[in-house]
Amino acid sequence: MSRDRTVDVLVVGAGPAGLALAARLARAGAGHVEVLEREQDAGGVPRHCHHGGFGGPVHPWLTGPAYALRAVRAATAAGAKLRTGVSATGWAGPLTLETTSSAGLERITARAVVLATGARERPRSARLVPGSRPAGVLTTGELQQSVHLYGQHIGRRAVVVGAEPVARHAVRTLRRAGAEVVAVVTERARAAAVPGVPLLTATTVAELRGRGRLSGVAVRHEDGRCGVLACDTVVFTGDWIPDHELARRGGIALDPGTRGPCVDASFRTSVPGVFAVGNALHGVERAATAAAEGDAAAAAVLARLSGAPWPEPGPPLLVRAPLLWVAPNRLTDVGGRPLLLRSGEPLTAPVLTAAQDGLLLWRRRFPVRMSPSRSLRLPPGWTDRVDPSGGPVVLGIG
Amino acid sequence: MTTTTGGAVTTGGALPGGEYDVTVVGAGVVGTAIARELARLPLRIALVDASDDVGDGTSKANTAILHTGFDAVPGSLESRLVREGHRLLSAYAAESGIPVEPLGALLVAWDEEQLAALPGLAEKAVRNGYRAARIIAAEEVRAREPELGPGVLGALDVPGESLVCPWTTTLAYATQAVRAGVDLHLNCRVRKVVSGETHTLATTRGPLRTRHLVNAAGLYADEIDRLLGHADFAVTPRRGQLIVFDELARTLVRHILLPVPGALGKGVLVSPTVYGNVMLGPTAEDLDDKTDTGSTAEGLALLREKGRRILPALLEEEVTAVYAGLRAATGDDDYAIRAHPAQRYVTVGGIRSTGLTASMAIAAHVVELLADGGLPVTGAREPAPVRMPNLGEAFLRPYRDAELIAKDPEYGRIVCHCERVTRGEIRDALASTVPPGSPDGLRRRTRARAGRCQGFHCGAAVRALFEEARG
Ligand SMILES: Cc1cc2nc3c(=O)[nH]c(=O)nc-3n(C[C@H](O)[C@H](O)[C@H](O)COP(=O)(O)OP(=O)(O)OC[C@H]3O[C@@H](n4cnc5c(N)ncnc54)[C@H](O)[C@@H]3O)c2cc1C
Ligand SMILES: Cc1cc2nc3c(=O)[nH]c(=O)nc-3n(C[C@H](O)[C@H](O)[C@H](O)COP(=O)(O)OP(=O)(O)OC[C@H]3O[C@@H](n4cnc5c(N)ncnc54)[C@H](O)[C@@H]3O)c2cc1C
């Protein structure tokens, strides 16, 4: 038998996004705001990021754990109820979640549900890297937890795969754990090197080798050159995917680009009463971005609580290659918030276009270099030209 | 060394002295089934394996289907043992908590040639004693499997084919055998055999003496055979690579989708698993390295190409795991089960692609052969039943069991979030009769770390629990 309860707002995930939103809502007097966190400790990914670089302009360069602690304290002080060791496992109704914890099973119904479930790195298997299945194959998330939360032994010689900023964190964590980093390998043609570590660009991981323990990584350069890097550890970094299981099980429409829930500029999903914020929407951004999304969703959640209607979903916002995704990706209301746009390839001074039903809505040159590991912030001004009853709006390079 | 009221489970140090009545070499699904069958007898029995765990060879990496045997070679030993094994394992699974899902299979015909082969297959099924297969038209196939790719011409409906959990099956046999008194010696590779009045096995953990010997060494059965002077078959490892898709893909497929066998073997299937995900594979590649369980870029590309035709939407889903298993092919179309009564020796070779299904029937058959070699088989008693932890998604798992959590809150503490494995289950597995020898062994007992994140979230925590239990 499971217990049935009702709350005003149920937030799933106590990472920066969920905590920021809960704090804001509780402060605004939203009633019973409850945050569920499946880990034993709240704080999300920053709990195991033992490096600086967290926070906004007011509190720059906090370490991850300090940042997490601050976010947890702010939410609790505001009056949000944080429950750790509680997993949301599925839906029992459109606004009712099933949960498991050591206290038993519950069905919690809320007037508004917010998914703030974060993202993870695709592991070796999801990247279809062939070879044997030895021990010593990790993602950055597992590496950081092993070293910083559990003090576990990591191997002696490591290869890091990937060129996003997180690869640098992986290198640092490996070094902290006493491992030598043999190389950073990336398929990209260009990437920022980490001092003291050979960088192999335009190189794919062709095969993992070793029985029992990893013994080496076979690599292949774009020009056909092959080699084997002897190592006992390999860390696959980046290549993010939102933790979208609950969203999918709840029948919430996903965006093909982000693989996270489709949301409008107010973080409303396709299911009335359900919102989504943070990395659950688009994969990894900086913690401050995730927290800002949580913060920004508060107004719409409050409106929902006071009975505002759920708007009809407007036209979807799609991207054309080499663009990868854009978030938000529904144009219900014209928010004041920027859109995040990712490209799969580096672009110099790109000209971006937006078109609807064959009609060019907007065109602008951005005098920047767009890197595949960082989102471009698109000002939202042009979205007022979108016909709310028209077809999909397509963003492309003009 | 863990001693239970039954037999001992040892993983290091010297082996016990004295003489065993029977020793089974190889603790795969076949060897453990034989040990369990022998455990009914009042005898001193040993089960030895080179690995640090049971079921660590071919038995851990297959397509996990409980076959009806409808497509076996009629009249073969395999045909009989698969048919019997299907019946025996179905009953045993119900009793011991091994998850089985009777989904049924559809052999889908994608071209005229395959369509033309269906009547022959239906008739072959009857010759194999299986009468429930029938041919269905394209419209019915499509109604029952709406996500199938275009071009389906018809199918053979085989309602008796089921999903089974290979990990729990092997573990149930081993657990029951050990509890009934069988000694299980792991990390114990047999290197030489000196035979006389008794057999003396030279192992990596010292000598072991036994009166009767069963060779269930899987891929290495031919090599053990040679140690005893036999060379009537050679094992060629035939690799099968598989891709496992996310549990979110489970709604795409309702049956086991078998290919119509052609000249090039059984072909690639799409099948749900009892764990709730969807599997695509296997390939069939003859190798000469019996340890090469690696996947290859070509193999994965081939699977994706075949999968795209069968179930296009599947390819859009995230991949959870990739693995490969090696079938013990012999070039012959039947099992190579050979009795050598004068030597008090039985070889269980060539158990290629149906060994999981046939395991219990093979075991019964092998004990009969041992009896022919003089093994006393009187005084049999049924071993105490086992109840295995449920790994099947279609059955009540601890994280959803309110009563269980009320009794023991550790079943409410989820450690592996993707697979919803609780601390209580991990604790139980680590303290079980046949405890895991590695985190991978723990995965096969609980599903911990088997999910989509492959350890991003829980890897460190699971390893910590494993290492803590090891001391
Ligand atoms: C290795 C790494 C290094 C990073 N370094 C930096 C950096 O230096 N600077 C920076 O600004 N950002 C950094 N980031 C990014 C930053 O951590 C994220 O932007 C931020 O954590 C996102 O917040 P979130 O709330 O969206 O998700 P998360 O922090 O991932 O939190 C999601 C939470 O939801 C919980 N959850 C998920 N599903 C359920 C469920 N079903 N039931 C209950 N709970 C659930 C999870 O356990 C988790 O705690 C880094 C990220 C990683 C992975
Ligand atoms: C890709 C694939 C798909 C399959 N699909 C199915 C299916 O759907 N249904 C089905 O019923 N069957 C299936 N099978 C077949 C099934 O998996 C095998 O028939 C079965 O696992 C064989 O079990 P075994 O005990 O004979 O071998 P193994 O599991 O390989 O066990 C042999 C054991 O012997 C040990 N050993 C070897 N040499 C020594 C030595 N010298 N000393 C000590 N120990 C030794 C090994 O360590 C190993 O543990 C499939 C097989 C493959 C490869």
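The exercises below concern the aromatic rings of a predicted model.

**Exercise 1.** Classify the aromatic pair A:Phe275 and A:Trp310, and state which parts of chain A the pair ties together.

Solution.
- Over all chains, the structure holds 6 aromatic pairs.
- In the pair of A:Phe275 and A:Trp310, the ring centres are 5.0 Å apart and the planes make an angle of 75°.
- Planes over 60 degrees apart count as edge-to-face, and A:Phe275 and A:Trp310 are therefore an edge-to-face pair.
- A:Phe275 belongs to strand β17 (residues 274-276), while A:Trp310 is in the loop between α6 (287-305) and β18 (317-319), so the pair ties together parts of chain A that are 35 residues apart in sequence.

**Exercise 2.** Decide whether A:Phe275 and A:Trp310 are buried or exposed.

Solution.
- The limit for buried is under 20% relative accessible area.
- A:Phe275 has a value of 0%, so this residue is buried.
- A:Trp310 has a value of 18%, so this residue is buried too.

**Exercise 3.** Describe the pair B:Tyr92 and B:Tyr173.

Solution.
- The centres lie 5.5 Å apart with 35° between the planes, and the pair is tilted.
- B:Tyr92 is in helix α2 (residues 77-96) and B:Tyr173 in helix α5 (residues 166-179) of chain B; the two are 81 residues apart.
- Both tyrosines, B:Tyr92 and B:Tyr173, are buried.

**Exercise 4.** Find which arginines lie over the rings of A:Trp310 and A:Phe366.

Solution.
- Over the face of A:Trp310 lies A:Arg268, 5.9 Å from the ring centre.
- Over the ring of A:Phe366 sits the charged end of A:Arg364, at 4.8 Å from the centre.
- A:Phe366 is also part of one aromatic cluster with A:Trp362 and A:Trp382.

Methods: Residues are numbered from 1 along each chain as its sequence is written. Chains are lettered from A and ligands numbered from 1 in the order in which they are written. This is a predicted model: local features need pLDDT of at least 70, side-chain atom pairs count only at pLDDT 80 or more; totals for chains, interfaces and linings use all residues. Side-chain values use heavy atoms; hydrogens and water are left out. Rings of Phe, Tyr and Trp (its six-membered ring) pair if their centres lie within 6.5 Å; planes under 30 degrees apart count as stacked, over 60 as edge-to-face and the rest as tilted. Helices (H or I, at least four residues) and strands (E, at least two) are DSSP runs, numbered from the N terminus. Buried means under 20% relative accessible area, exposed over 50%, partly exposed in between (1.4 Å probe, protein chains only). A charge sits over a ring if NZ of Lys or CZ of Arg is within 6 Å of the ring centre and within 35 degrees of the ring normal.
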